[in-house]
Amino acid sequence: MALDQSFVGRTYPPTAPYEVGREKIREFAEAIGDANPAYIDTEAAKALGHSDVIAPPTFVFAITFKAAGAVIEDPQLGLDYSRVVHGDQKFAYTRPVRAGDRLSVTSTIEAIKSLAGNDILDIRGEVHDASGEHVVTAWTKLVSRAPEGA
């Protein structure tokens with residue numbers, strides 16, 4: 001059954017703040033194999049004009065995808081997560097994520113489309129720091145595959 005188009009534009013409450021830690025940034029940088037010194041060395045980051053180490057651009061996915069859980073788990077939407085695959089991801093930064101940031105995400109359903117029996121759900125996550133400053137916008141595309149034989 002196709003997802004309800006009336007959900008387009010629905011915004012979910014902001015998440016509780018997530019505090020970005022230096023160790024989490026270092027672990028993430030190591031996991032993706034990025035040896036950029038600005039991700040692990042405070043002095044290297046400061047030499048580039050940052051107040052502390054910064055996170056690789058895709059670091060924020062973990063925060064925004066968790067926030068998208070409010071959309072995914074909305075019983076009124078009726079998304080069958082067992083059929084979902086991650087279709088696409090993109091980010092638009094105002095500034096880098098820094099160690100010490102306390103980030104909250106507000107998720108909005110930006111689009112719902114049906115294509116060949118598949119539902120395509122676009123979720124926009126607006127990420128702000130504790131002072132309300134915009135840090136990054138993340139767009140997540142989820143594809144709910146059509147049931148077998150549909």
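This is a predicted model: local features need pLDDT of at least 70, side-chain atom pairs count only at pLDDT 80 or more; totals for chains, interfaces and linings use all residues.
Residues are numbered from 1 along each chain as its sequence is written, and side-chain values use heavy atoms, with hydrogens and water left out.

**Stop one: Phe59**

Select Phe59, in the loop between helix 2 (42-47) and helix 3. Helices (H or I, at least four residues) and strands (E, at least two) are DSSP runs, numbered from the N terminus. Phe59 counts as buried because its relative accessibility is 5%; buried means under 20% relative accessible area, with a 1.4 Å probe and protein chains only.

**Stop two: Asp74**

Next, pick Asp74, in the loop between helix 3 and strand 2. Asp74 is buried too, at 9% relative accessibility. Show Tyr12 as well: its side chain makes a polar contact with the side chain of Asp74 at 2.7 Å. A polar contact is a pair of N or O atoms within 3.5 Å; within protein, one must be able to donate a hydrogen and the other to accept it, and residues adjacent in sequence count only if both atoms are side-chain atoms.

**Stop three: Arg83**

Finally, select Arg83, in the loop between helix 3 (61-72) and strand 2 (84-93). Is Arg83 buried or exposed? Arg83 counts as buried, because its relative accessibility is 18%. Leaving aside neighbours within four places in sequence, look for its contacts with Val143, Ser144, Arg145, Ala146, Pro147 and Glu148.

Definitions and conventions
Buried means under 20% relative accessible area, exposed over 50%, partly exposed in between (1.4 Å probe, protein chains only). Contact means heavy atoms within 4.5 Å.
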